Amino acid sequence: MTPSEMKNAILHHLVYTLGKDVSTAHIYDWRMALSFAVRDQIVDPWFGATRRSYAGKLKRVYYLSMEFLIGRLLKDAIINLRLEDAALGAMNDLGLNYEQILEDEPDAALGNGGLGRLAACFMESMSTLACPAMGYGIRYEHGLFRQRFEDGRQVEEPEDWLNQRHAWEFERPEVAIDIGFGGHVQEIGKRANWYPSEMLIAMGHDTPVIGWKGRWGNTLRLWEARPMHGFDLQRFNRGDYAAAAEPEALARTLSRVLYPDDTTEQGKELRLKQEFFFTAASLRDILRRFESEYNDLKRLPQKAAIQMNDTHPAIAGPELVRLLHDERGMDFEEAVGIARNTLSYTNHTLLPEALERWDEGLMGRLLPRHLQLIYRINELHMKDTGSRKVTAVEDGHVKMGELSFIMAHKVNGVSALHTDLMKKTVFKDLHEQHPTRIVNETNGVTPRRWLLSCNPRLSSLITETIGEGWVDNLEQLERLEPHIKDSSFLERFAAAKRANKVDLARWFADDLKISVDPESIFDVQIKRIHEYKRQHMNLLETIAHWLEIRDNPNAGWVPRVKIFGGKAAPGYVFAKEIVRLTNDVAKVLNSDPLTSRYLKVVYPPNYNVSLAERLIPAADLSEQISTAGKEASGTGNMKFALNGALTIGTLDGANVEIRDLVKAENFFLFGMTAEEVMERRKDSGHAAEAIAKDSRLARAIETVRSGRFSPEEPGRYHGIADNLTHHDYFMVCSDFTDFWRAQREVDGAFGKPNWTCMAAYNTARSGWFSSDRTIRGYMADIWNAAPAPEVEDAAE
Ligand code: Z57
C-alpha cells in the first residue's frame with residue numbers, strides 16, 4: 001500500500017464511517033479513520049486463514065483465558081502488516097502527528113499482569129506461526145483500574161476503554177449462547193438434566209489477531225453478558241422505570257469488571273460466575289463448530305486442543321463431561337477420557353494464596369450438576385489410580401488445581417525451575433501417579449511488540465547488522481555475537497540505548513516534572529506490587545545507598561535513577577503501604593540537595609503495557625529480585641534482557657534460564673536459592689539475625705521506622721518495619737546483604753566500555769525467549785497441532 005492509497009482510505013473512513021469532515025475532525029476521529037483503514041487490510045488475510053483451516057480440516061487450538069492484556073493494537077497491526085511507511089506518509093501528508101495519533105489509543109487492559117500479557121503474546125505468536133487457533137475470554141466493560149497517586153497513596157479509578165468506540169472488534173449478535181446458573185438437577189439413571197433457575201446470554205465479539213507479515217490471522221473471541229429478556233415492559237408501563245431495567249443490569253454485571261487481584265484469590269461468587277460464564281460459552285461454541293464439521297465426538301481430541309490458562313477455566317473439565325455425557329449421551333468414562341485428551345492446563349503459581357478453592361456449598365448452589373460430576377470424576381480417578389485419597393475436594397472446598405490436573409492430559413509449568421517445584425510440592429502425589437503428565441514450557445514474549453515495535457533504534461541497528469530474519473526467527477540474534485568485538489557496532493548499540501534514555505528523561509520532565517540525568521544508571525522495577533516480588537527490598541537498598549551518599553556526598557558516586565512502576569491490588573494493604581512508601585521516599589530523596597545528583601526515585605503512576613513499552617528500551621538494569629521459588633517465571637525479565645538491559649536477580653523463575661543463556665558474567669546474581677530459602681525459614685530468628693549482621697540494613701529499617709519519610713505521621717511505616725524485623729516471610733532481610741553487594745558491583749561495572757558488551761550479549765542471547773519458541777513447544781508437546789501448510793506472506 002502506498003502513502004497516497006492509505007491517505008485516501010483514511011479520508012474515506014473519516015467521511016463515510018465516522019461522518020466527520022476534515023475541518024471538524026479531532027485526533028480521535030483521525031485515529032479511528034486510520035484504524036479502520038488498517039483494519040480493512042487485516043480482513044482478507046484473516047478470512048483467508050479461517051477458510052483454510054476449515055478447508056484443510058486442520059486441528060484448532062483453543063486458548064481459554066480469563067485475561068488478555070493486549071494493550072494498544074493500532075501500531076501492532078501496522079507493523080505486522082508492514083504498513084509503517086504508508087501510514088507515516090499518509091499522516092505527514094495530512095499534516096498530522098503519527099506518534100501522537102498512536103498514543104491516543106487507550107490500552108485494552110483486560111488483564112492484571114504476567115498471566116494476561118502472556119496470553120496476548122501467545123495470540124500473536126500463534127498467528128505468526130500459522131497455528132489455527134482461537135482465544136476465548138471475557139469482554140470486560142472495565143479493564144484493570146487506573147492508578148492515581150494522592151499524597152503518595154494509590155487511588156483507583158475505573159477504567160473506561162469502551163467509552164470510545166473499539167475499532168478492532170466485530171460484534172457477533174448471531175453468536176449468542178445461553179448460560180444458566182443455579183436451579184435443580186433431575187437424574188435419569190446415571191445421566192441428568194440440569195434446569196437452571198437463572199439464564200443469561202453470552203454474546204461474542206471478535207477481534208482479529210494478525211501475525212507477522214499478515215501470513216495468518218486468528219480470532220480473539222470475547223464474551224459479553226447480556227440479559228435474556230432485556231427490559232421489563234410491564235413494569236415500565238406500571239411506571240416502575242428503575243425496576244424495569246433491573247434484569248438487564250443484573251445480567252450485565254457478569255462482564256462488567258475485571259477482578260484486580262494478581263496471584264491472590266478472593267473466592268467471590270461473582271468471580272465463579274464469570275469463570276463458568278466464559279468457559280461454558282466457549283465450550284458450547286467449540287462443540288458447535290466441531291459438530292458442524294465432524295459427526296463423531298470421539299474425534300474431538302484429534303481436531304481440537306483446549307488450553308486452560310491457569311485454573312480460572314477449570315470448570316471446563318466437568319462442563320465438557322456434562323455436554324458429552326448428559327447432553328449427548330456418551331458413556332461417563334468415555335466422556336472423561338475424551339475431555340481429558342482434549343484439555344490441558346497451565347499452572348502459573350505455587351503461592352498457596354493464589355490457588356483457587358471454591359466452597360462446596362457455593363459450587364453446589366451455582367452449579368449443582370457440576371458438583372455431582374466433580375465427585376464422580378474424583379471417584380473415577382481414585383479407581384483408576386488405586387488411590388484412597390480424595391484429591392479434588394478437601395474440607396468443604398473444591399480444589400481447582402487438582403481438578404484441572406485430573407482432567408488434563410498435560411499440565412505445564414512456565415519455567416524449568418517452576419516445573420521442577422510443581423513436581424516436588426503442590427502436585428507431588430499426582431505427579432507420582434502420572435509421571436509423564438507434567439511438562440515444562442518456559443514462557444516467552446513476542447519480539448514484534450517487545451523489540452521491533454517498542455525499540456525502533458535497536459531494531460534498526462540489528463536489521464542493518466544481521467538482516468531482518470530475526471523478527472520471526474529470534475534465535476538469529478546470535479549472529480550479533482561476532483559484532484560485539486566491533487567498536488563501531490558497540491558505539492551504535494550504546495547510542496541507541498542513550499537516545500532511548502534521553503527520550504524517557506524528556507518524558508519524565510514533561511509529564512512528571514522530574515528531571516533526571518540520562519548518564520545515570522536507569523534501574524527499573526516494573527511489575528505488580530507484591531511482597532514476594534520484594535519492591536520493599538529494593539527500596540531499603542535505595543534508602544541505605546542514600547544514607548551512605550549523605551555520609552560522604554563528595555565521594556564520586558555513580559548516579560542512578562531508581563524507576564518503579566506497578567499497581568497494588570485494592571484490597572492488599574501491605575502492597576499499598578509499599579506504594580506509599582515508594583512515593584514518600586521519592587519525595588525526600590529527590591529534594592535532597594546533598595544527594596539528588598546521584599540518586600533519584602521516579603514512580604510514574606498507572607503502569608500498563610504502553611508504559612512498559614516506553615520504559616524497557618531505556619533500561620540499563622532490570623530488577624528481578626523475587627524470593628527464590630516464588631516467581632513462577634516472569635516475562636518482564638525476558639523483555640529487558642532482549643532490549644539490552646542487564647539483570648540483577650535471584651535464581652528464580654526464568655531468571656535461571658536467562659542467566660544460563662546470557663552467561664553468568666553478564667548477569668548480576670545474588671541471594672539464596674529456593675532450597676536455601678526453605679531451609680532458612682525453619683530458623684524463626686532469620687530476620688533478626690540478618691539485621692544484627694548488617695548495619696546498613698539495620699539503619700535503613702530504622703530510618704523507615706523513624707518517620708523520616710513521613711514527618712507528618714511518624715508512625716506510618718511501623719507496620720512495614722515490624723513485619724521486616726519480626727516476620728519477613730519473603731526473606732528481605734536475609735537477602736539484603738548480598739543484594740547490596742550485587743548493586744555495588746553494578747556501580748563498578750556501569751560506564752566501563754565492557755558494560756555495552758554485556759548489554760549486547762544480553763540481546764544477542766535472548767532469542768530463545770521468543771513466544772514463537774514457546775508456542776512451538778506447546779504445539780509439539782501438548783497440542784499435537786501443526787502449522788497450516790503453504791502459508792505465504794500477505795504483506796511485504
Ligand atoms: C499471574 O500474572 C501469574 C500467576 C498467577 O497465578 C496469576 Br493468578 C496471575 C504470573 C506469574 O506470577 C509470573 O511469574 C508468570 O510469568 C506469569 O504468570 C505468566 O506465566
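At what angle do helix α22 (residues 535-551) and helix α23 (residues 573-590) pack, and how far apart are their axes?

## Helix α22 against α23

In this predicted model, helix α22, covering residues 535-551, packs against helix α23, covering residues 573-590, at an angle of about 20°, and the two axes are 10 Å apart. Because angles under 35 degrees count as roughly parallel, α22 is described as roughly parallel to α23. The crossing in which α22 passes α23 is left-handed.

On the α22 side the contact is made by Gln 535, His 536, Leu 539, Thr 542, Ile 543 and Trp 546, while α23 contributes Ile 578, Leu 581, Thr 582, Val 585 and Leu 589.

## Helix α22 against α31

Helix α22 also packs against helix α31, which spans residues 732-749, and here the angle is about 55° with the axes 10 Å apart. That angle makes α22 oblique to α31, and α22 passes α31 in a right-handed crossing.

The residues of α22 that take part are His 536, Met 537, Leu 540, Glu 541 and Ala 544, and they meet Val 732, Asp 735, Phe 736, Phe 739, Trp 740 and Gln 743 of α31. The contact of α22 with α31 divides into seven nonpolar, two polar and two charged residues. His 536 is listed in this contact, and His 536 is also listed in the contact of α22 with α23.

## Helix α21 against α32

What of the pairing between helix α21 (residues 487-512) and helix α32 (residues 753-764): at what angle do their axes cross? The two axes come within 10 Å and cross at roughly 80°; since angles of 65 to 115 degrees count as roughly perpendicular, α21 and α32 are placed in that class.

In this contact Leu 490, Phe 493, Ala 494 and Lys 497 of α21 meet Thr 756, Cys 757, Ala 759 and Ala 760 of α32. The residues involved divide into six nonpolar, one polar and one charged.

## The annotated lysine

UniProt, in an unreviewed entry, lists Lys 639 for the feature "modified residue: N6-(pyridoxal phosphate)lysine". In the model Lys 639 lies in helix α25, which runs over residues 636-642.

Is Lys 639 buried or exposed? Lys 639 has 30 C-beta neighbours inside 10 Å and therefore counts as buried, the cut-off for that class being 20 or more. When its neighbours within four places in sequence are left aside, Lys 639 is in contact with Val 445, Trp 450 and Ile 616.

## Two residues with positive phi

Arg 82 has a phi near 55°, which is a positive value in a residue other than glycine, and Arg 82 is located in the loop between α3 (74-80) and α4 (84-93). With 17 C-beta neighbours inside 10 Å, Arg 82 counts as partly exposed.

Asn 606, likewise not a glycine, has a positive phi of about 60°, and Asn 606 sits in the loop between β21 and α24 (609-615). Asn 606 counts as buried because 20 other C-beta atoms lie within 10 Å, and 20 or more is what that class requires.

## Other sites along the chain

Phe 405 is found in helix α16, residues 400-406, and counts as buried with 28 C-beta neighbours inside 10 Å. Beyond its neighbours within four places in sequence, Phe 405 is in contact with Tyr 345, Val 411, Phe 427 and Leu 430. Phe 405 and Thr 391 are 14 residues apart in sequence, and their C-alpha atoms are 10.0 Å apart in space.

Pro 593 lies in the loop between α23 and β21 (599-602), where, with 7 C-beta neighbours inside 10 Å, Pro 593 counts as exposed. Although Pro 593 and Arg 550 are 43 residues apart in sequence, the distance between them is 9.9 Å from C-alpha to C-alpha. Val 791, in the segment after α33 (771-783), is partly exposed with 17 other C-beta atoms within 10 Å, and Val 791 touches Ala 130, Arg 215 and Trp 216 when residues up to four places away in sequence are not counted. The C-alpha atoms of Val 791 and Lys 75, which are 716 residues apart along the chain, are separated by 23 Å.

How values were computed. Residues numbered from 1 in each chain as written. Predicted model: local features only at pLDDT ≥ 70, side-chain atom pairs only at ≥ 80, totals over all residues. Axes fitted to C-alpha atoms, helices over the stretch in contact; angles between N-to-C directions. Helix = DSSP H or I, 4+ residues; strand = E, 2+ residues; numbered from the N terminus. Parallel < 35°, antiparallel > 145°, perpendicular 65-115°, else oblique. Contact = placed C-beta atoms within 7 Å. Nonpolar A, V, L, I, M, F, W, Y, C, P; charged D, E, K, R; others polar. UniProt positions renumbered as here; feature names shortened; annotations may be inferred. Buried ≥ 20, exposed ≤ 12 C-beta atoms within 10 Å, placed from the backbone. Left-handed = near helix turned anticlockwise from the far one by under 90°.
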